[in-house]
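User: Could you take a close look at one part of this model for me? I would like to hear about a strand and the salt bridges around it.

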Amino acid sequence: AMTTANKLPNGGITNYGLGLEINQHKGNKVLSHNGVIQGHLSDARYFPESDLSVVTLINTLGKIKPTNHTHSVADYFITEKNITKSFSGDLNKLSGNYFCSVMGNDLKINVLQENGQLLIESRGNKMPIQYIGGNIWLADDGYSYIFLEDKMQINAPKLSVIFNKEV
């Protein structure tokens, strides 16, 4: 149960098991847990396909992301896998404006296509997303985008948000 993503009541899935995040890094499955307490940051990652564990502990009050250090070390030992697949569906059905309200803040994301590539646009920044199968798309930052009829679910570390599509 710790390494199995939980399902939401609406049918969406999270990237969180019971205590562990379940993500991908360079196409490799990663099980992780991190933490913070004043002056101390930690990040522990296990790459099951390589049987590799990397732990980063940092003493700081600065704005440092221990995950970046953990991935830098792991990159010496793992190889990047191409997990993208060819999408045969209609990109126009996925394109559009998606919105939600989180803790009183209205969020809006535009999904668009350029030259046959699906892009996420938020706050003026565009980021390509790659199709990996089913209804799941993956960004370079590790966020996954799951398209469910007229909704889009974004899974990020310790966060899962569902956006409704504007009609």
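Analyst: Happy to! Let's start with E114, which counts as partly exposed because its relative accessibility is 34%; here buried means under 20% relative accessible area, exposed over 50%, and partly exposed in between, with a 1.4 Å probe and protein chains only. Please keep in mind that this is a predicted model, where local features need pLDDT of at least 70, side-chain atom pairs count only at pLDDT 80 or more, and totals for chains, interfaces and linings use all residues. Residues are numbered from 1 along each chain as its sequence is written, and side-chain values use heavy atoms, with hydrogens and water left out.

The side chain of E114 meets that of K126 in a salt bridge, 2.6 Å from N to O (a side-chain nitrogen of Lys or Arg within 4 Å of a carboxyl oxygen of Asp or Glu). E114 lies in strand 6 and K126 in strand 8 (residues 125-133), so the pair ties together parts twelve residues apart in sequence. Helices (H or I, at least four residues) and strands (E, at least two) are DSSP runs, numbered from the N terminus. K126, at 45% relative accessibility, is partly exposed.

Strand 6 also holds K108, which forms a salt bridge with E166, with the closest N and O atoms 3.9 Å apart. E166 sits in the segment after strand 12 (159-165), so this pair ties together parts 58 residues apart in sequence.

Finally, N115 lies in the loop between strand 6 (105-114) and strand 7 (117-122). N115 has a positive phi of about 55° although it is not a glycine, and at 84% relative accessibility it counts as exposed.
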